[in-house]
Amino acid sequence: MDRKKLLKDVRKIVVKVGTSTLTKSDGKLNEDKIKKIVANLSALSDLGYEILLVTSGAVGAGMGQLNLTQKPKALSEKQAVASVGQVALMHLYQILFWAHSKTIAQLLLTRGDFSDRQRYLNARNVCNALLNKKIIPIINENDPVVSDELKVGDNDTLSALVAGLVDADLLIILSDINGLYDKNPSKFKDAKLINSVENIDESIKNMAEGEGSKFGTGGMKTKITAAEMSTKIGTNLIIASGEDPANIVRAVNGEDVGTLFLRQDKKINSRKYWLAYGTSQKGNLIIDDGALKALKNGKSLLAVGICEVQGEFKRGQVVKITTGSKLVAKGISNYSSSEIALIKGRKSEDIEEILGHKYDDNVVHIDNLMLV
């Protein structure tokens, strides 16, 4: 597989660096490593690439500022350390990028910035405005203030959301491992690095969460999820070792570093990507087999196919669509939960008689629905 040919049109790049790449064994920042990361990103910027950096490391920076030897366990203490560290981390980035004549900007995002459509579009516009001015956005989750239910959760997923936000051509995730192996390389000497993945099926997912794998509860599993997300929006993704920051430039140049996950030929549009991954769902519509078949055939969801409505939501909010146990789609509802409770199982022509009004024949239109 000729990576140079596959990546020749890449211009907009998101690079994600995690805690394991940015910190030493004691949890504090590895400034020498960060200098090399900045140098590689700056070199790409000098060549005309548009660069966005998704960074971890706020807690590590805070530990250094506060002379802590162990990461706090209490959530409020961890958030306090992160709030101190975020200032130190951005100051370090500012100094290092300034040495390469680069201007940076900081964006601290939460799940709400992706789930609310207006805030999502605002974040998209800001990122594009910064890139047009050749400013490098540095993005992290707003850990000091966000509660667990509003968290994106991990920066692998955040980087995939950012890739969709800006229509990136390539997402590079620097990890503490060389890429995806067919089995756990720390346990099996004959483990083989997989050079490229065209289709993320169950066998690929199982490699990331196999029994005994140290990546099963986060690590590689979240990176495969990020790859699944990114490739659907038309973004190639490379997982590579962050031990040598020069892998950033090597990856962009088409050298065989890490594992390349190829973008899908038939990509989904940004609105459907937002529906699938960016939104928070306010309720659940349980549908029958006939409705499921219709959705898979590209049809809208009608009231007649809805068996049950769960949760409370307003018209225009995003809901999950399930068969009971399995999530099959997400979409924007044309009716509120209380209205759907009255019209579920009924034909579209009966809606106005039941409710006294009618917004649409469809409860969820296919244009506002994304199968998952």
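Predicted model: local features only at pLDDT ≥ 70, side-chain atom pairs only at ≥ 80, totals over all residues.

Me: Okay, what is Val14 in contact with, leaving aside its neighbours within four places in sequence?

Reply: The partners are Leu52, Val54, Ser159, Val162, Ala163, Val166, Ala168, Leu170, Leu171 and Ile172. Val14 also stands out in the largest nonpolar core, which has 51 residues: Val14 and Phe261 touch the most other members. Helix H8, residues 155-166, gives the most to this core, with seven residues.

Me: What makes a set of residues a nonpolar core?

Reply: The members have to be buried residues of the nonpolar kinds, such as Val, Leu or Phe, joined through side-chain atoms within 4.5 Å. Another core, of 38 residues, lies apart from the largest one, and its members include Ile34, Phe97, Val257 and Leu260.

Me: Why is Ser337 called buried?

Reply: Buried means under 20% relative accessible area. Ser337 has 11% relative accessibility, so it counts as buried. This serine is found in helix H14, residues 337-343. Leaving aside neighbours within four places in sequence, Ser337 is in contact with Val309, Gly311, Glu312 and Phe313.

Me: Why is helix H4 described as largely enclosed by the rest of the structure?

Reply: Count the buried residues: six of the eight in H4 (residues 58-65) qualify, so the helix is largely enclosed. Those six are Ala58, Val59, Gly60, Ala61, Gly62 and Met63. Their cover includes helix H5 (75-98) and strand S4 (136-141). Just after H4 comes Asn67, with a positive phi of about 55°.

Me: And the chain as a whole, how do you know that its radius of gyration agrees with a compact globule?

Reply: For 372 residues, a compact globule would have a radius of gyration near 21 Å; the chain has 22 Å, so the two agree. Along its principal axes, the C-alpha trace spans about 70 × 45 × 40 Å. The chain has 15 helices and 15 strands, and buried residues make up 53% of its 372 residues.

Note on methods. Residues numbered from 1 in each chain as written. Heavy atoms only, no water. Buried < 20%, exposed > 50% of the residue type's maximum accessible area, 1.4 Å probe, protein only. Helix = DSSP H or I, 4+ residues; strand = E, 2+ residues; numbered from the N terminus. Contact = heavy atoms within 4.5 Å. Rg over C-alpha atoms; globule rule 2.2 N^0.38 Å.
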